[in-house]
Amino acid sequence: MFLLYFKTWRIPVLKICCVHFGYCVFKCVYFSVRHDIACHVTVCSFKMAAEDLPSQFDVVILGTGLTESVIAAACSRVGQSVLHLDRRNYYAGNWASFTFNGLLSWIEEYKNQQKVQITESEQVWRSLIDEGEDVVPLSSVDSSISNLEVFCYASEEEEKEEETKAPLTSCQPVNAETVSEETTGDSTEAQDTVTGDDTTASDAKTQNEEHEVSEPEEEQHTSDISEPSQSQEEKDSQPISSPADPPVEVEKKITYQKLVKEGRRFNIDLVSKLMYSRGALVDLLIKSNVSRYAEFKNIGRILTCRNGKVEQVPCSRADVFASKQLTVVEKRMLMKFLTFCLDFEQHPEEYQDYTEKPFREFLKNKKLTENLQDFVLHSIAMVTQQTLTEEGLKATQHFLRCLGRYGNTPFLFPLNGLGEIPQCFCRMCAVFGGIYCLRHSVQCLVVDKASNKVKAVIDTRGQKISCSHFVVEDSYIRDEQRQSTAYRQISRAVLITDRSVLPSESDQQISLVTIPPLESSAPAVRMVELCSSSMTCMPGTYLVHLTCSSSGTAQEDLAPVVSELFHVSTIPGEEPSEGAEERSKPAVLWVMYFNMRDTSALDSSSYSLPSNVHVCTGPDGSLGSDCSIKLAESVFHHILPDEEFCPPAPNPEDIIYDGDGPQAEGPGFDESVNTEAEEEGAAHEKNPSTEPAEMDSVADTTPSSEE
């Protein structure tokens with residue numbers, strides 16, 4: 001029995017852990033001031049003897065990405081015994097989020113993996129194979145990431161020089177000291193996530209401040225403890241001075257040492273995605289009650305880059321009529337077209353001649369101007385030049401139907417990064433009895449020759465574990481088990497910058513930027529710019545994700561876009577010269593390029609595997625996660641065709657564990673305990689608590705806090 005502390009509220013939560021034969025089965029009892037908070041389950045990884053794991057499970061799942069985690073939660077929820085493994089030391093696989101220091105460790109591991117040739121050992125498991133059994137070996141090397149390049153453009157000078165030039169404040173020394181003690185943390189923050197529900201950004205603000213000294217509470221909830229607001233306070237408090245005095249610029253300068261010291265404030269995603277407010281993922285989060293484990297922030301604006309200029313995209317009725325980029329005629333044309341798209345199925349005569357033609361041609365036929373065509377194609381439908389008309393109309397319709405549910409854009413983003421979402425489903429699986437082991441993998445599958453089905457797996461510690469179904473992430477499959485090794489690739493870039501690409505009154509907005517192809521042969525680029533209130537970067541910086549389909553290496557695909565929108569210094573820490581056009585651009589402090597394998601186009605016929613082996617593809621190149629959720633539901637129904645997919649989880653107050661009877665609610669803070677009444681059974685006659693119903697309403701409206 002031990003205490004776990006909420007990062008947000010610093011409330012002790014009692015966790016009862018039953019350890020049986022070396023592995024963990026968790027029963028969780030929650031005590032908190034706010035009963036509408038559902039605490040997460042952290043599944044510890046103990047060093048255990050291999051023979052101590054149970055020898056039989058209904059489902060063994062290898063990999064903790066989004067698809068695998070949803071399947072694990074769905075199976076565990078309906079009573080299946082689940083063993084969930086991952087060879088990595090962090091959750092979520094290629095969907096993971098890292099602190100800056102954790103990402104540096106991940107980069108180092110990647111480089112070391114490229115140098116070391118790993119030989120597959122077969123001697124251990126060969127002795128465990130009986131007559132009538134065959135084996136399917138799995139890969140022990142992850143080759144889904146390639147062409148990784150890292151560049152640092154921030155000054156590498158000591159931060160002391162910067163501090164002596166800056167005026168003394170109450171926040172700077174404290175933050176620098178407290179965060180510097182945290183730089184030796186784990187390689188990822190994935191296991192330290194915080195649960196919650198219908199909270200505002202002011203609640204989420206404290207999630208990354210567990211070890212820090214409390215700050216004054218008078219600050220704005222959207223700006224956190226941002227350095228720009230500190231500099232403004234200092235300017236206001238100082239006596240009037242001459243305009244030629246520029247110490248503020250020195251004060252705002254962010255060095256590489258600062259990034260490392262504040263590394264725990266970052267949550268950097270390997271894959272960049274947003275959540276459509278009426279998409280499959282949001283619907284599943286609400287239906288399953290998993291939404292209570294996470295917090296979300298609305299995307300504030302949608303931007304586009306045309307002719308080197310960043311401008312806002314008018315996507316709602318109010319935006320269209322308020323837009324200064326469109327003429328009066330263009331506003332009418334756009335409104336008429338968007339109204340048509342909302343129910344285009346009712347007017348097939350309008351588009352039936354273009355069903356086999358590109359969407360761009362249909363837009364031209366509708367007499368939309370070049371300006372409007374770019375808005376619709378790249379920023380609203382978000383499709384390519386080759387996309388067919390019907391698909392483009394459906395994408396536009398989906399975008400429009402998502403507007404207004406939680407804000408003025410169709411998108412939500414999970415606080416602390418996308419890596420939170422797979423972990424939320426892992427928590428649900430663990431609550432219902434799932435067993436988790438990180439740094440633990442499967443060497444091979446044991447196949448019954450007569451039925452050609454997997455009957456067991458042999459893990460990396462030499463234990464043979466029986467199972468009825470085996471779910472595996474694509475990166476564990478060897479090339480000899482694939483029908484084809486030709487994959488699509490995604491080009492990714494992650495940037496840390498010093499300011500927004502389009503400054504506005506509020507510096508705490510998440511922006512989606514669509515960038516049309518710079519050349520006819522180049523792909524369109526999608527950019528997501530995250531502010532510090534999204535809990536993904538330190539105050540005074542922005543975290544920028546760029547994604548596109550690959551035509552070369554990630555650096556070849558995305559470096560021209562980075563140069564177009566940002567200032568990239570030739571010497572670390574160098575500032576652009578006075579009056580230069582580059583001075584108006586945000587400066588890149590640090591950038592990472594890499595390619596990620598996209599196997600979303602593959603299906604079960606693409607692999608030579610037994611029928612009860614289900615392969616889950618990794619992240620795809622689209623903006624949403626519908627592909628992964630639909631795959632998870634398909635695999636679940638293949639395993640359990642008669643069961644409901646992810647039914648709502650009961651509230652913690654409603655759970656009765658095996659061997660436990662119903663328990664009356666304990667006394668509140670202002671109530672006294674009446675022992676005589678309890679003995680007489682009067683406690684069961686008290687008015688029932690209204691809190692479970694309150695939890696139901698909160699779980700269904702969690703994202704609406706961002707409206």
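Select Tyr276 and show what surrounds it. In this predicted model, Tyr276 touches Val282, Met382, His398, Cys402, Pro410, Phe411, Leu623 and Gly624, leaving out residues up to four places away in sequence. Stay on Tyr276 for a moment. Its strand is S10, residues 275-276. Is Tyr276 buried or exposed? With a relative accessible area of 14%, Tyr276 falls under the 20% cut-off, so it counts as buried.

Thr409 and Tyr276 are 133 residues apart along the chain. Draw a distance between their C-alpha atoms: the separation is 9.2 Å.

Next stop: Glu133. Look for strand S7, residues 133-137, which contains Glu133. Glu133 is buried, at 8% relative accessible area. Show side chains here. Which side chain does Glu133 meet in a polar contact of 3.1 Å? The partner is the side chain of Lys464. Then turn to the backbone of Asp130. Its nitrogen lies 2.9 Å from a polar atom of the Glu133 side chain. Beyond four places in sequence, they include Leu128, Val446, Val447, Lys449 and Lys455.

Finally, colour the protein chain by pLDDT. The average is 77, and 69% of the residues score at least 70. Select residues 1-50: pLDDT is below 50 there, although the model gives this stretch 130 contacts beyond near neighbours in sequence. Then select residues 665-707. Here pLDDT stays under 50 too, with 55 contacts beyond four places in sequence.

Conventions:
Residues numbered from 1 in each chain as written. Predicted model: local features only at pLDDT ≥ 70, side-chain atom pairs only at ≥ 80, totals over all residues. Heavy atoms only, no water. pLDDT = per-residue confidence, 0-100. Contact = heavy atoms within 4.5 Å. Helix = DSSP H or I, 4+ residues; strand = E, 2+ residues; numbered from the N terminus. Buried < 20%, exposed > 50% of the residue type's maximum accessible area, 1.4 Å probe, protein only. Polar contact = N/O pair within 3.5 Å; in protein donor to acceptor, adjacent residues only side chain to side chain.
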